[in-house]
Amino acid sequence: MTLRLGTRGSALALAQAGMVRDALVAANPGLSAELVQIKTSGDEGQPGAAGDDKARFVKEIEQALLDDRIDLGVHSAKDVPGELPDGLAIVAVPARADARDSICGAASLEALPAGGRVGTTSLRRRAQLLALRPDLEVVDLRGNVDTRLARLASDDLDALLLAAAGLERLGRSAEGTPVPLAAMTPAPGQGCLALEARTGDSDTAGAAAALIDQDALAALTAERALVSALSATCNTPVGALAQLEGGDLVITAFVGLPDGSTWIRDEISGRAAAAGELGRQAAARLLAAGAGDILAEAERLAEGP
């Protein structure tokens, strides 16, 4: 049996898909797997403005699944929208890498000079960065990891923010310093991979099941449930991280405006076995504290005058 793994063609996406391919083959005797590179909307030219269609990095891969051109989509979980197309399902979540953000070019957020220039495309990172350091100038910085790191010097930036997991998977962890979770709540799903297949494809699901990490699966389930319950979009700065502590799942969540002027951070814990319900409870607490108004204002700002 040969599984066709669909992936974007960026260095990071290929590294991640290669890890999944090797793990699948090692866990399933007699199985072979090959990578199929698929260009997504997010890879075509310059992406749209910050906060545009989240599905742009996965929808072409999902279409290839529906068309039976591939058997398994390998995604960065934070790119996968809360609602999947009919006929598709996430069938495995491997062990999670470091979920934190990393700062590159400076030792820490506190070490940045007054008025320092920090590059990021993420509204979530922008919101939390400016909530901590309103004196900083946040510069929109696009491109893959290699491109962004190269622009650190060429664009006269003092630092940039990237996912620690991406640096780790590219063998470039030494170029960044993880930001403490108390300072910056990661994107929902950050550090996780989501393996997506056609519903009813029991052979693929069975092979992928060998890679399921129960802790990562519970965490991602909770984080995706929270995002879905908030009706969050790419225009709304939302962070969420679920972590197992003893027998409990602890969710830390953040909602704010892109300029850092208004934000809410909350924490809730409960049974890991009820991860989805716990995520929905976390969303309900945020909404009760005023998150709905913040999300609506973020959407309004994204639409422009």
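1. Helices here are DSSP runs of H or I with at least four residues, and they are numbered from the N terminus. Ala23 is found in one of them, helix H1. The model is predicted, and the points below should be read with that in mind.

2. Helix H1 covers residues 11-27. Its 17 residues should span 24 Å at 1.5 Å a residue, and the end C-alpha atoms are 24 Å apart, which agrees. The buried residues of H1 are Leu12, Ala13, Gln16, Ala17, Gly18, Val20 and Leu24. Residues three or four places apart in an α-helix point the same way, because there are 3.6 residues a turn.

3. Helix H7 takes in residues 214-230, which makes 17 residues. From its first C-alpha to its last it reaches 24 Å, close to the 24 Å expected at 1.5 Å a residue. After H7 comes Ser231, which has a positive phi, near 55°.

4. Which residues of H7 are buried? They are Ala216, Ala218, Ala219, Leu220, Ala222, Glu223, Arg224, Ala225, Leu226, Val227 and Leu230. Among the elements that these buried residues pack against are strands S4 (88-92), S11 (238-245) and S12 (248-256). Helices H8 (275-288) and H9 (291-303) are also packed against by the buried residues of H7.

5. Two packed helices are described by the angle between their axes and the distance between the axes. For H7 and H8, the axes come within 7 Å and cross at roughly 40°. The two helices are therefore oblique to each other. H7 passes H8 in a right-handed crossing. On the H7 side, the contact is made by Ala218, Thr221, Ala222, Ala225, Leu226, Ala229 and Leu230. On the H8 side, it is made by Ala275, Gly276, Gly279, Arg280, Ala282, Ala283, Leu286 and Leu287.

6. Thr204 has its place in helix H6, residues 202-208. Its relative accessible area is 1%, so Thr204 is buried. The side chain of Thr204 makes a polar contact with the side chain of Asp201, at 2.7 Å. If neighbours within four places in sequence are left aside, Thr204 is in contact with Met1, Leu3, Asp71, Leu72 and Ala197.

7. Thr199 lies in the loop between strand S10 (193-198) and H6. With a relative accessible area of 49%, Thr199 is partly exposed. Which residues does Thr199 contact, leaving aside its neighbours within four places in sequence? They are Gly87, Leu88 and Ala89. Thr199 and Gly87 are 112 residues apart along the chain, yet their C-alpha atoms are separated by 5.3 Å.

8. Arg56 lies in the loop between strand S2 (32-37) and helix H2 (59-66). Its relative accessibility is 15%, so Arg56 counts as buried. Arg56 and Glu299 are 243 residues apart in sequence, and their C-alpha atoms are 18 Å apart in space.

How values were computed:
Residues numbered from 1 in each chain as written. Predicted model: local features only at pLDDT ≥ 70, side-chain atom pairs only at ≥ 80, totals over all residues. Heavy atoms only, no water. Expected span 1.5 Å × (residues − 1). Buried < 20%, exposed > 50% of the residue type's maximum accessible area, 1.4 Å probe, protein only. Contact = heavy atoms within 4.5 Å. Axes fitted to C-alpha atoms, helices over the stretch in contact; angles between N-to-C directions. Parallel < 35°, antiparallel > 145°, perpendicular 65-115°, else oblique. Left-handed = near helix turned anticlockwise from the far one by under 90°. Polar contact = N/O pair within 3.5 Å; in protein donor to acceptor, adjacent residues only side chain to side chain.
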